[in-house]
Amino acid sequence: MVATRRSAVKAKKEDAAPSTPPPRGSDASSGNNYDEGTNYVEAGIEANPYFFALILAAPFLSLLLAYLTSAEMEAEHPGMATAPLGGMAKGLLSDPLGGIRSVLLAGLSVSPNPEAIRFILGFWAVALALEYLPGKIETGPETLTGHVPKYKDNAVLHCLVYTALFWAGSNLGPLGWYDFGVIYDTFTGSVAFLNLFGLLFCCFLTYKGLHFPSTEDCGSSGSLTKDYLWGTELYPRLPCPGLPYGLDLKRFINCRFSMTYWQLAGLSFCYRSYTLHDNTLDYGLLFSALSQYLYLFKFFLWEMGYMRSIDIIVDRAGFEIQWGCLVWVPAVYTLHTRFLVQHPSGLSFVAALALFVLSMTGVVLNYLADRERDVFRASGGKCQVWGRDPKYITAEYEIIDRKTGETSTKKSLLLASGFWGVARHFQYFFELTAAWSWCLLANPFQNGIIPLFYCVFLTYLLIDRAERDSKKCRLKYGKYYDEYCNLVPYKILPGIY
């Protein structure tokens with residue numbers, strides 16, 4: 001089945017909802033549009049040249065960022081990481097060829113090692129074992145081909161059990177199999193291994209989507225490069241004994257590995273800093289790690305909401321998303337805390353606590369905004385929002401059964417009250433409040449601009465995501481979305497954007 005716009009845009013139904021599905025593995029040269037039988041919408045990587053360029057440079061950049069925060073970097077170039085403009089930039093300007101050569105050699109010096117490979121394989125094995133934890137069966141949105149993905153909602157249990165197991169297996173727990181700072185100790189080798197694995201894994205995903213996809217939400221763009229970067233399949237799964245719906249590769253990588261690794265990394269970095277600096281506690285690192293742990297606990301509490309977000313229901317499983325979660329998230333999203341292991345923040349308890357409170361304000365408000373929308377949807381609009389009956393748009397769209405050709409009308413409620421009446425993605429502002437607070441806890445005034453990389457990148461990412469979400473909703477709801485935008489004119493920050 002295919003969702004299409006109604007009323008004013010109904011004349012375009014033939015373009016948005018073909019009457020027959022494209023054959024698996026079809027491409028543009030065979031006369032099929034890339035968006036047929038998929039959830040693809042305009043404004044993927046090909047519509048954003050800056051994002052596209054970043055993706056092409058990302059594998060090397062992830063290695064370079066791993067090196068910049070390593071013990072090797074501090075030993076070979078003491079103090080340079082905290083003065084990139086005065087040290088690195090000056091060197092590049094005085095000797096461009098020599099500087100470029102040094103940068104290339106630094107990034108390429110990061111390579112896999114047996115300890116890091118064993119750690120990552122063990123990390124994946126534990127995450128896979130926790131897939132069998134009990135949980136309620138939930139569903140994601142129906143796709144354009146009528147597929148309704150099913151998930152076992154055991155994310156919070158996964159989060160708590162994984163944390164307990166990571167502690168228990170360390171020198172701080174009863175088993176003592178590894179040092180609690182192991183994530184920092186193996187980080188450069190882990191990023192190098194994940195990089196190589198991710199590149200090969202995306203080749204597998206490209207081939208799988210073309211030749212043995214899990215659903216009909218698949219196909220080729222006619223460009224091998226675009227297929228590799230964007231993906232060829234929306235919901236890739238692998239058969240797995242004991243998992244009736246199979247192993248969802250998107251959720252396993254995006255959530256059960258990527259978010260869990262990020263969550264535990266801060267704690268591991270904090271411990272390594274403590275042991276490295278004569279058992280001295282860095283308040284900036286401590287509060288940053290704690291805030292991010294709680295933020296990611298909130299993520300697991302809301303995981304089913306993420307499974308209904310643009311990352312899952314629009315973006316295919318290709319390099320952009322899967323390599324990004326395998327490599328970019330560990331390399332970039334932990335950068336500001338990882339940086340502090342070698343370069344303590346120097347923040348006082350009071351200053352660090354104030355930034356922690358600010359970050360947690362962002363985390364809590366982000367959760368409340370997401371929760372508000374979830375309650376509204378679950379109640380069918382029959383609830384109070386900020387003490388009043390909510391304003392919303394009842395948006396209609398049509399479903400065409402591909403097998404019978406029969407058309408049916410469905411409805412979605414677009415909330416225009418509470419947080420969602422302030423801006424269409426006001427929750428992004430709260431997320432950015434938390435992100436900038438974490439990076440400020442790295443004290444960039446003392447430690448330079450490198451710790452700000454994550455919050456600057458996230459700001460760009462969320463602005464891009466808000467644009468793409470608008471295109472997706474306008475494609476689906478047509479004039480109803482225009483009415484919604486009239487009620488809520490701003491995307492993220494009222495009066496500004």
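Buried means under 20% relative accessible area, exposed means over 50%, and partly exposed is in between, with a 1.4 Å probe and protein chains only. By that rule, buried residues make up 55% of the 497 residues in the protein chain.

Some ground rules. This is a predicted model, so local features need pLDDT of at least 70, side-chain atom pairs count only at pLDDT 80 or more, and totals for chains, interfaces and linings use all residues. Residues are numbered from 1 along each chain as its sequence is written, and side-chain values use heavy atoms, leaving out hydrogens and water.

Now the overall picture. The protein chain has 22 helices and seven strands. Helices here are DSSP runs of H or I, at least four residues, strands are runs of E, at least two, and both are numbered from the N terminus.

Contacts next. A contact is heavy atoms within 4.5 Å. Of the contacts in the protein chain with a separation of 6 or more, 75% join residues 24 or more positions apart.

Let's go inside. How many residues of helix α16 are buried? Eight of the eight, residues 335-342, so α16 is largely enclosed by the rest of the structure.

Then a helix pair. Helix α9 (residues 187-211) packs with helix α15 (residues 319-333) at an angle of about 175 degrees, axes 9 Å apart. That makes α9 roughly antiparallel to α15, a label for angles over 145 degrees. Axes are lines fitted to C-alpha atoms, for helices over the stretch in contact, and angles run from 0 to 180 degrees between N-to-C directions. Among the α9 residues in contact are Phe187, Phe197 and Phe201; α15 contributes residues including Trp323 and Pro330.

Most residues other than glycine have a negative phi. Trp386 has a positive phi of about 55 degrees. Its place is the loop between α17 and β6 (392-400). Asn443 also has a positive phi of about 55 degrees, in the loop between α19 (426-440) and α20 (444-447). Asn443 is buried, at 11%.

Conventions: Parallel < 35°, antiparallel > 145°, perpendicular 65-115°, else oblique.
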